[in-house]
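Take a walk through the structure below.

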Amino acid sequence: MRDFLKTKFFLVIVVAAVLAAAVPTALSALGAKQYLRSAVNVVLTPAQKGFHLVADALDGYASYFTRYDEIVAENLLLKQQIADLSDRLYNAEEAEVLNVWLSSFLEMKRAHTDFTFADAAITGRESVNYMTVCTVDRGSLMGIETGMTVVTPEGVLGCVSEVGPTWAKVRTLIESSSSIGAYIERTGELGLVEGEFALSSEGLCRITYLAADSDVRVGDRVLTSGYGSVYPRNLVVGYVTEIVPDEYSRTVTAVIRPAATLTGLARVMIITSYDVYHES
Amino acid sequence: MNHKSAPPRGGQKEPSLLGGVLRSIRQRFHLPEIRPDADALWRAVVCTVLMLLFALLQTTLFARFRPFGAIPDLMLPFVVAVGMAEGERWGAVFGIIAAFLIESLGAGGVSLLPLLYMPAGYFCPIVTKLYLTDSAPVRLIFTAVCGVGRAVTTLILLSLNVRDFSLLLLMKEVVLPEYAATFLFSVPVHLAVHAALRPFHKTRAERVTTL
């Protein structure tokens, strides 16, 4: 052993080892070791990047085994969070739709501060091609009564014709038994909006008893007159689409396309109370 | 026939300036002439590639996974394995180079690893040559003993860098995990070095003669 300690190589290598320890330490103390490091790192950094990529891949693969329980628990938690967020999203979307729908009634509410509304969802429709009657999910238990006006943001849809404890039937304007006191907004001429079987198949109704010299025109807006205590005054009924003179009764009949239709409708408002119009 | 007075053979190149300087140093300190053959160069290349591979593994892969919660020192068993395979000179030289490399890749200020790796690479083959026989248990014992030296080095470096520390905590959190990880992963390091250098040593007798 002593022979190995006395060789020139051993002495040289000991000196080299001491220098290899002392020089970097001295450089570090002088703040110049970065030059030494950068020289090595310039060469090895590309290889290190490659090894890091391999390490990343192995880490991802190994985590399936080493972190299985953790991943399963995390997966369960994420699923619960997804379900919770989905519920929230659904509720938010529903709230947004409801908000938009309620906002559409703001104008009507501002114009008629006396109105009291009860919202209702349409739960059933008449199973024929031309729908004239529908069912809503509000009934006598919620204060709904026969004859109450049913409206949409566009205008009058009809009135409640039949009431059960938790449901009500709504008869639309185009139903042949329906009639509403109305007037032409532009001229103020009074008439009676009635449903007619022949027109209902096209989703239309008519306003009758207009004077023969009436100035009614196509496109005129028809509003409720408020007479009869069934419909409040100044709700939009529809728009004149055709004028038909009646030579025998010396009156004019106008065909009306109702502003509110059942097509695509999911919710309605029922006016539960309002101030009855009295002509002053 | 007097070889000393023989004229230089025709076509032989004049030594370069660097070659002349190295020759004068060698003659001044009476160092043996180094004439690396192709086989030795290939072995050096293989050892260098392995050293870079283990250095990269230590600083990337194991820095990520941290077996036992610590980064294993792959350079130490590599140096011992090279020394056992190629002799004490190779072990010592690669000990210094490996220490320089791994400290350059690290962020430490004080360099102590050359003083650990060089003796490890130098004395393990000598002890084997004089008193033991190269075998797996002997290499494990060397790794365990060198691991103690690594633990002491780690403690010294930690005491220089950490102001308020508890020896028990350092042993539990750093030193012992590092020792266990180094010991565990020394096995594949030894196997890899052995497999890579095996083609250069067909018989054990050849390896002994190179020492």
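**Strands, then cores**

Strand 6 (residues 179-184) and strand 7 (residues 190-194) of chain A pair in the antiparallel sense over 5 bridges. Strands here are DSSP E runs of at least two residues, helices are H or I runs of at least four, and both are numbered from the N terminus. Two strands pair if DSSP finds at least two bridges between them. This is a predicted model: local features need pLDDT of at least 70, side-chain atom pairs count only at pLDDT 80 or more, and totals for chains, interfaces and linings use all residues. Residues are numbered from 1 along each chain as its sequence is written, while chains are lettered from A and ligands numbered from 1 in the order in which they are written.

Look at the link between these strands. Tyr183(A) has Leu190(A) of strand 7 as its bridge partner. The two strands form a hairpin with 5 residues between them. In the turn, Gly188(A) has a positive phi of about 80°.

Strand 6 of chain A also runs antiparallel to strand 9 (residues 221-224) of chain A, joined by 3 bridges. There, Ala182(A) is partnered with Thr224(A).

The largest nonpolar core has 50 residues. Such a core is a set of buried Ala, Val, Leu, Ile, Met, Phe, Trp, Tyr and Cys residues joined through C-beta atoms within 7 Å. Buried means 20 or more other C-beta atoms within 10 Å of the residue's own, with C-beta atoms placed from the backbone. Helix 4 of chain B gives the largest share of this core, 11 residues. A second, separate core of 43 residues includes Val151(A), Val160(A), Val222(A) and Val252(A).

How values were computed:
Buried ≥ 20, exposed ≤ 12 C-beta atoms within 10 Å, placed from the backbone.
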